[in-house]
Amino acid sequence: MIDDALGDRSLVVVSNREPYVHEYADGEPTAERPAGGLVTALDGVVAETGGTWVAWGSGDADFDPAVAPDGEVDVPPDSNGAGAADADRPGYTLSRLDLPRRLVENYYYGYSNQVLWPICHLEADPVTVDPAFAPAYREANRRFAERAVEADPDVVWFQDYHLALAPRYVREQRPGARLVQFWHVPWPTPDFFEICPQGTELLRGLLGNDAVGFHLDRYAANFRDCVARFVPDAEVTASGAIRYDGRTVETYASPIGVDPERVAANARSDAATHYWSRVTDRYDLDPERSIVLGVDRLDYTKGVIERLDALAHLLETTPELAGEFTYVQKGTRTREGIPAYRRYYDEVRDRIADLNGAHGTADWTPVVYIEDDIDDRELAGLYRHADAAVVSSRRDGMNLVAKEFVAAQGQPFPNAGLAQSTPLEDPARERAPGTLVLSRFVGAAESLCPAALSVNPYDVAGFAETIREALEMNEPERHERMESLQASVREADIDAWLSAQVDVLTGEEQAVAADDD
Ligand code: GDG
């Protein structure tokens with residue numbers, strides 16, 4: 001679809017992370033794909049256009065002469081991992097930036113993840129302003145911008161908070177190009193944003209775009225409020241457009257989603273079934289006990305500690321639930337170069353050990369902690385077998401885990417609302433769908449609540465009570481809620497998001513400014 005809409009205009013996508021990473025496996029460069037639906041979806045879009053994707057080359061073998069001597073590689077890679085999509089397959093150029101380690105430390109682990117990430121998630125405490133961070137962020141953004149310009153783009157699509165300055169740099173060199181950015185995390189209120197020492201500079205960088213997109217109207221409104229307050233020469237009009245530097249910058253809201261069919265197929269795959277049976281064997285999970293599931297990158301914003309506190313409170317106040325369920329926590333280590341993240345891993349482990357020590361018995365371990373490196377199908381196996389999933393982010397732009405859990409519950413339920421007298425096609429799914437407990441501070445809550453049980457993760461007693469409610473929910477109510485959740489997840493799926501982005505990228509539809517201010 002994007003190919004037709006672009007005509008002969010060339011597209012360049014710019015993101016921090018790359019869609020294919022080359023690592024050495026047994027001494028040979030091997031292409032790996034980072035897990036996750038977003039990269040897959042974007043990959044398909046760029047492949048359709050035959051364009052260019054600029055990203056930091058983070059893999060050990062990314063610049064191996066056999067792979068990409070000059071940093072450019074045709075993707076998707078062939079089965080040997082060595083580039084060169086053949087003429088019959090759609091493909092594009094992955095243009096990798098070879099960033100020095102010190103620059104990555106200061107720009108990525110530093111400014112992006114210790115300044116911008118916490119500020120966007122309204123977390124003041126982890127903000128660390130090292131004087132080396134901001135210059136590195138400028139330098140890295142310049143390099144991304146230069147590489148994008150070298151690809152001679154008509155349309156540039158920037159992803160996320162690592163690249164707030166790059167649009168301005170590109171605009172200086174390609175005044176006529178169409179530049180669009182999607183910001184995948186929340187945008188804070190002006191009162192919070194003002195703690196950022198480079199706030200105005202970041203806003204001017206983003207105003208290099210023609211359009212800036214967010215998951216929710218209120219994030220877009222916060223962005224416009226920040227522009228109105230911190231960029232004196234910009235004007236935010238009543239319709240929500242921003243006049244700046246002789247141009248108009250639109251803001252728009254477009255909630256990202258998942259591919260429900262793909263997730264549901266993953267959940268039914270053999271790999272999912274095998275992984276689940278390995279997990280049940282390894283941890284001796286009793287099929288009579290309910291499974292409560294948490295799946296998170298180990299990031300303080302995801303509220304894993306708050307969840308464990310709620311579970312501990314639940315067991316303290318409702319002793320009759322002891323032995324009735326097992327909480328399975330899948331944790332993925334992330335940003336290990338940052339001390340606060342390493343401390344968080346330790347805290348999660350300690351909290352789990354305490355909880356198991358206080359409440360476990362000879363034949364029951366309340367919390368099982370999995371740190372395996374698992375692919376999307378194995379992950380879908382966990383989703384599918386959970387009787388309840390808990391997403392308790394302190395703050396989260398959207399949260400795809402919540403949507404994937406819903407999609408993995410199978411769709412639609414043919415006997416929704418009925419007792420299970422009608423045999424389901426799929427015998428492994430012959431149980432009521434899982435329930436979703438969802439923090440009200442995630443973007444996904446806007447469409448998934450009240451069908452999902454909403455919690456304030458800071459309210460430990462209320463949170464514990466909601467987990468109990470999720471565990472005890474009767475079957476008709478589970479069906480009813482899941483039907484509604486699945487309808488929401490299908491309606492705002494990844495295709496809907498992509499097609500909205502394509503409209504903005506091609507300028508076919510003016511980005512819609514939110515009307516709530
Ligand atoms: C940012 C925003 C926004 C997790 N563990 C495993 C695994 N995952 C995958 C999930 C999901 C993805 O990682 C996590 O996505 P989230 O949306 O939950 O969170 P962030 O990574 O923080 O993403 C967020 C998103 O951007 C998109 O705009 O929703 O708010 O923070 O897809 O499946 N995948 C596999 N194994 C794991 O152990 N294979």
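Which of the 22 residues around the ligand come nearest? In this predicted model, whose local features require a pLDDT of at least 70 and whose side-chain atom pairs count only at pLDDT 80 or more, while totals for chains, interfaces and linings use all residues, they are His184, Asp396, Met398, Leu400 and Glu404, where a residue is taken as near a molecule if one of its heavy atoms lies within 4 Å of it. Residues are numbered from 1 along each chain as its sequence is written, and side-chain values use heavy atoms, with hydrogens and water left out.

Polar contacts to the ligand, defined as pairs of N or O atoms within 3.5 Å, include one from His184, in whose side chain an N or O atom is 2.7 Å from an oxygen atom of the ligand. A polar side-chain atom of Lys302 lies 2.9 Å from a ligand oxygen atom, and for a polar side-chain atom of Thr332 the corresponding distance to an oxygen atom of the ligand is 3.1 Å. Taken alone, the ligand exposes 730 Å², of which the protein buries 87%; these accessible areas come from the Shrake-Rupley method with a 1.4 Å probe. Two or more residues of the shell are given by each of strand S13 (290-297), strand S14 (325-332), helix H13 (376-384) and helix H14 (400-408), helices (H or I, at least four residues) and strands (E, at least two) being DSSP runs numbered from the N terminus. By class, the shell holds 10 nonpolar, five polar and seven charged residues, with Ala, Val, Leu, Ile, Met, Phe, Trp, Tyr, Cys and Pro counted as nonpolar, Asp, Glu, Lys and Arg as charged, and the others, Gly among them, as polar.

Strand S8 (residues 178-182) is mostly covered, since five of its five residues are buried, that is, under 20% relative accessible area, as against exposed at over 50% and partly exposed in between (1.4 Å probe, protein chains only). Arg178, Val180 and Phe182 point one way from S8, whereas Leu179 and Gln181 point the other way, and all are buried. Strand S8 runs parallel to strand S7 (residues 155-159), to which five bridges join it, and Gln159 stands opposite Phe182 in S8; strands are considered paired if DSSP finds at least two bridges between them. From S7 the chain crosses through helix H5 (residues 166-173) to S8 in a right-handed β-α-β crossover, a term applied if, with the strands pointing away from the viewer, the path from the first strand over the helix to the second runs clockwise. Three bridges also join S8 to strand S9 (residues 211-214), again in parallel, and here Val180 stands opposite Ala211 in S9.

Several backbone features were also noted. Most residues other than glycine have a negative phi, and most peptide bonds are trans. The peptide bond from Val75 to Pro76, however, is cis, with omega near 0°, and Pro76 is placed in the loop between strand S5 (72-75) and strand S6 (92-97). A cis peptide bond with omega of about 15° likewise joins Cys449 and Pro450, the latter lying in the loop between helix H15 (445-448) and strand S18 (453-455). Asp152, although not a glycine, has a positive phi of about 55°; Asp152 lies in the loop between helix H4 (133-150) and S7 and, at 47% relative accessibility, counts as partly exposed. Arg335, also not a glycine, has a positive phi of about 50° and is placed in the loop between S14 and helix H12 (339-359), where Arg335 is buried, with a relative accessible area of 10%.

How values were computed: Polar contact = N/O pair within 3.5 Å; in protein donor to acceptor, adjacent residues only side chain to side chain.
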